[in-house]
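Student: I have a model open and would like to go through it by question and answer. Can we start with the annotations and then turn to the domains?

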Amino acid sequence: MAWTTMLNLVFRAVIPYPEERIPLTAYSHYWSLGISLFPTLYMAYLARRPYTYTLRLMLLPIAVLAILGTFFRFKFPGVDNGPNNWGLGSFALVHAAMAINYAWRPEGMLKVGEELPGVPIKDSCHANGDAPHKGVRPSPPSTRKSRLPDWLYDTLELIFTWRGIGWKFGGDLYIPKEYKPLERSAFLSATMVSVLENFLIFDACESFIKLVPGVGSPQGGSIFRPELPFLQRYVLSTAIHIATGSYILSGFQLFYSDLPTLIGVGLLSHEPSSWPPVVDNPWQSDSLHVLWSKRWHQLLRETFFVYGGFVGGFLAGSLGTLFGTFFGSGLYHEATAYALGRGFDCRGIYFFVLQAPLLLLERMWVHITGHRVSGIYGRLWVYFCIIILGQPLVNSWHTRGLGGGYMLDPNMSPIRRLLIPFLQQVTDFLGLYHLSALLG
């Protein structure tokens, strides 16, 4: 038996073919998903206990295989559940990376100011964890003491720590400046306004994508409509690309920042300063360095290190870390897209790997001219790299049906329930029947 055949058999034993995945229709299926996380939860517990390195390494294969083999074995039924299946794949890959990250560090997962998990650095004026640390600050404590047992609190705190604020693995993390007032009631009011804004942007972008023939169907379609003239074809593809990016960005702000912030500050009485923004207005980026290291979200930074950055750094130093991290990002994004059930498409990986040489070009510009990439020309450079060069990536997603699934129930959509029917009536009244047909 050829070695490629053997590898395929091993791979398919863990991640079956899309048509062999089991529809999530019974409560027992959801229990299976939950139980598969127990080894990773146990590893998070061990990572906050000294002298557990060998045990964590031994547990690692079980944790990774349990997550990947379970989450990629099930799927949400129905052709319009592509985004939900994408979410299953994303969840699995993020938590598999967490398990790897917990296992490979001999000292465990340390907070700033610790020499061992839970053990402050001795004879240090910063032993309470408030040591100055580049780009990082320890998370301010809640005003209400947790009633959870220490072991459970430690486990959950680490599992829900994605950016690494206050942890050594987030040592060079950029934390966006808070734009909301820090007085509790004013902070919550501003967060509610942000929830509404991001919800409407999310809904509007998803609704627009649904209107595009092919792209808005569960079967998927290209963003490059061949029946259109050249100019109109690429104006439409650019509009779809920007809508997809805005849809993803507003979704991150809504589901990973605004709503968790309301829970943390409003229900759990955390200090507003312990919930800094997830993104920092990426549209204002005037260089790729600023975009990827500061303004774009850093939630999955450690995930990308695990899937490529650490290995690249080991093989080729800082240059290897750069290329490896973007390769890890591409691998992660393409593996999550595989959960759509339409196979692999390497165009997604190419786009992310391309960011590394583009960043090197920015370094060369600084070296040659003595000036960093910035200003209006820097912003145009960023828009070209992301909006123009990124279109094959978005096209690969939409040809596999991403735009045809529903992230938001149509019955909860004010755009689809109110605005689109209103526009249909207006266009019918004005005799613009071709526009009315598009809105239908």
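Student: Which residues does the UniProt annotation "transmembrane region" cover?

Tutor: This is a predicted model, in which local features need pLDDT of at least 70, side-chain atom pairs count only at pLDDT 80 or more, and totals for chains, interfaces and linings use all residues. Residues are numbered from 1 along each chain as its sequence is written, and side-chain values use heavy atoms, with hydrogens and water left out. UniProt positions are in the numbering used here, with shortened feature names, and annotations may be inferred rather than shown by experiment. The unreviewed entry gives residues 27–45, 57–74, 86–104, 304–328, 348–368 and 380–398.

Student: How far apart do the end C-alpha atoms of residues 86–104 lie?

Tutor: Helices (H or I, at least four residues) and strands (E, at least two) are DSSP runs, numbered from the N terminus. The span 86–104 is 100% helix and 0% strand. Its end C-alpha atoms are separated by 27 Å.

Student: What are the domains in the domain assignment?

Tutor: The bounds come from an automatic or database domain assignment. Domain 1 is made of 11–118 + 148–170. The others are domain 2 (184–408) and domain 3 (411–439).

Student: What area is buried between domain 2 and domain 3?

Tutor: Buried area is the accessible area (1.4 Å probe) that two parts lose on being put together, summed over both. Carbon and sulfur atoms give 64% of it here. The total is about 720 Å².

Student: How many salt bridges are counted between domain 2 and domain 3?

Tutor: A salt bridge is a side-chain nitrogen of Lys or Arg within 4 Å of a carboxyl oxygen of Asp or Glu. The side chains of Glu206 and Arg416 form one at 3.2 Å, N to O. A search of the whole structure finds 15; the count between domain 2 and domain 3 is 2.

Student: Why are Glu206 and Lys210 separated by about one helical turn?

Tutor: Glu206 also forms a salt bridge with Lys210, with the closest N and O atoms 3.4 Å apart. Both residues are in helix H7 (residues 184–211), and the separation is about one turn because they are 4 residues apart.
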